[in-house]
Amino acid sequence: MKWRGNRQSDNMEDRRGSSGKGKLIAGGGIIGLIFVIAQFVLSDGDISVLDQLDEPSGNSTEVRELTPEEKELGDFTATVLAYTEDTWNSIFSENGMQYREPGMVLFTDAVQTACGGASAASGPFYCPGDQKVYMDLSFFNELRDRFGAQGGDFAIAYVMAHEVGHHVQNLLGTATKVRQLQQQTSREEANELSVALELQADFYAGVWAYYNKQYLQEGDIEEALSAANAVGDDAIQRKTSGRVNPDSFTHGTSEQRMKWFMRGYNSGDIRQGDTFSEILN
């Protein structure tokens with residue numbers, strides 16, 4: 001992806017020089033939460049599995065200097081965040097709305113948020129409480145080495161755009177409506193609502209890519225699709241447990257995630273992102 005020399009966002013905070021233990025956040029993480037839920041369902045309801053969601057925080061903190069490679073990666077993510085700001089400011093303005101830019105925090109190992117403590121195991125996530133995206137960039141090593149994603153800088157950009165998509169849902173009120181509906185329905189239907197919410201965030205990531213074609217390079221879309229394929233519920237369950245339980249899906253299958261990203265990328269039209277009608281019918 002082309003990014004050098006372009007504007008970097010002022011809304012990014014880099015905390016990677018400090019690290020310590022924390023607890024896994026119950027929500028938002030692409031791989032961490034799917035993995036824990038999968039283990040719980042496939043263990044026939046062994047409640048001890050859910051202890052992973054509430055590990056006590058430690059008090060130790062390590063401070064270190066970032067490497068040149070880490071600094072460059074920070075510059076890249078700050079530039080991609082700026083790309084998302086330009087895109088969504090434009091889309092919201094075209095639709096008579098005002099976009100509130102989210103923050104983004106880069107961290108190592110663990111972080112405290114308005115949604116609670118989180119460890120790197122949760123993967124990248126969005127916290128509506130402080131309207132920030134949180135990312136431990138080591139996640140992408142796991143995505144490549146353990147889950148078979150292709151890797152590359154646009155895989156990072158895709159995940160960032162997906163999490164910013166959750167911010168868009170928060171601003172539009174979609175996330176609040178989904179949470180309210182989930183409290184009034186069965187676990188299976190609540191999971192279906194969660195899948196629709198996640199697939200819509202993938203769609204919004206595709207819309208963002210459509211608006212940023214001038215920065216794309218050969219192979220970028222393939223990197224995004226490889227990442228989307230790797231983080232499908234079915235792919236992660238198969239990789240971590242060897243079994244697939246569709247009733248426990250909360251983020252969508254690999255095929256669904258790739259499909260909705262490409263629908264956003266091919267159309268560039270936010271009005272075509274009604275994942276709820278398709279998933280719930």
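Predicted model: local features only at pLDDT ≥ 70, side-chain atom pairs only at ≥ 80, totals over all residues.
Local features need pLDDT of at least 70, side-chain atom pairs count only at pLDDT 80 or more, and totals for chains, interfaces and linings use all residues. Residues are numbered from 1 along each chain as its sequence is written, and side-chain values use heavy atoms, with hydrogens and water left out.

User: How are α2 and α6 oriented to each other?

Analyst: Helices here are DSSP runs (H or I, at least four residues), numbered from the N terminus, as are strands (E, at least two). The axes, lines fitted to C-alpha atoms over the stretch in contact, with angles from 0 to 180 degrees between N-to-C directions, come within 10 Å and cross at roughly 95° for α2 (residues 68–94) and α6 (residues 187–211). Since angles of 65 to 115 degrees count as roughly perpendicular, under 35 as roughly parallel, over 145 as roughly antiparallel and the rest as oblique, α2 and α6 are therefore roughly perpendicular.

User: Which residues of α6 meet α2?

Analyst: Contact means heavy atoms within 4.5 Å. From α2, the residues V80, Y83, T84, T87, W88, I91 and E94 take part. Their partners in α6 are Y204, V207, W208 and Y211.

User: What is the span of α2 from its first C-alpha to its last?

Analyst: The expected span of a helix is 1.5 Å times one less than its number of residues. With 27 residues, α2 has an expected span of 39 Å, and the computed value is close to it. The span reached is 39 Å.

User: Which residue of β5 is the bridge partner of Q112?

Analyst: Two strands pair if DSSP finds at least two bridges between them. Four bridges join β4 (residues 110–113) to β5 (residues 116–119), and the strands run antiparallel. They form a hairpin with two residues between them. In β5, the partner of Q112 is G117.

User: At what angle do α7 and α9 pack?

Analyst: Helix α7 covers residues 220–230 and helix α9 residues 254–267. Their axes lie 8 Å apart, and the angle is about 145°.
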